[in-house]
Amino acid sequence: FVVGSVNWDETTRVERLPKIGETVRARSRSCCAGGKGLNQGIAAVRLGVNGVKFIGRVGNDEAGVQILNEIGDEFDIKVIDKVCTGRGLVTLADDGQVYSVVLPGANFDGWQSRDACTEECSVLLLQREIPDEVNAHYAKLLNPTFCILDIGGSLDAELAAWCKEYVHCIAP
């Protein structure tokens with residue numbers, strides 16, 4: 001089970017990352033569905049995990065429509081009115097270094113209503129690209145055998161109290 005972010009990612013490829021205040025020319029640009037949560041859900045399906053469930057949010061905009069067209073109805077992705085779809089702006093250098101900026105959009109503003117889940121959950125994947133209280137809600141509701149929290153490189157961020165009880169593994 002994955003509860004997480006859904007973004008429209010725009011990736012530019014460069015020879016090297018710019019220094020502060022510098023502009024570098026990109027060699028290419030690509031756009032596709034992404035976000036830590038959606039990427040983890042797709043990876044689990046591609047690895048052959050049976051019965052992968054995914055809960056996420058997109059805005060009622062062109063990017064949200066594009067994502068739903070790419071993904072189909074395999075995952076539970078709700079469309080939220082009056083909010084943009086999350087965006088990932090990624091700059092990738094030839095040496096593998098990356099700059100990444102996320103505009104959260106529906107990933108943060110689309111969780112006023114929570115999905116009712118009564119299914120058993122053996123493994124739950126969560127990320128910090130959605131609100132912490134949403135992660136806590138689903139960790140408590142699903143009470144998985146094993147829960148992984150992807151903190152997205154935020155090693156300095158303090159973990160909430162619920163993590164001690166429900167999270168078994170923290171992925172940087």
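Predicted model: local features only at pLDDT ≥ 70, side-chain atom pairs only at ≥ 80, totals over all residues.
Residues are numbered from 1 along each chain as its sequence is written, and side-chain values use heavy atoms, with hydrogens and water left out.

A nonpolar core is here a set of buried Ala, Val, Leu, Ile, Met, Phe, Trp, Tyr and Cys residues joined through side-chain atoms within 4.5 Å, where buried means under 20% relative accessible area, exposed over 50% and partly exposed in between (1.4 Å probe, protein chains only). The largest nonpolar core has 22 residues, and those with the most contacts inside it are Phe1, Val3, Leu124, Leu126, Tyr138 and Trp162. Two or more residues are given to this core by each of β8 (123-127), α4 (132-142), β9 (146-150) and α5 (161-166), these elements being DSSP runs numbered from the N terminus (helices, H or I, at least four residues; strands, E, at least two). The largest share, five residues, comes from α4.

The buried residues of α4 are Val134, Asn135, Ala136, Tyr138, Ala139 and Leu142, and they pack against β1 (2-3), β4 (54-59), β8, β9 and α5, contact meaning heavy atoms within 4.5 Å.

Most residues other than glycine have a negative phi. Asn143 counts as exposed because its relative accessibility is 51%, and Lys82 because its relative accessibility is 86%.
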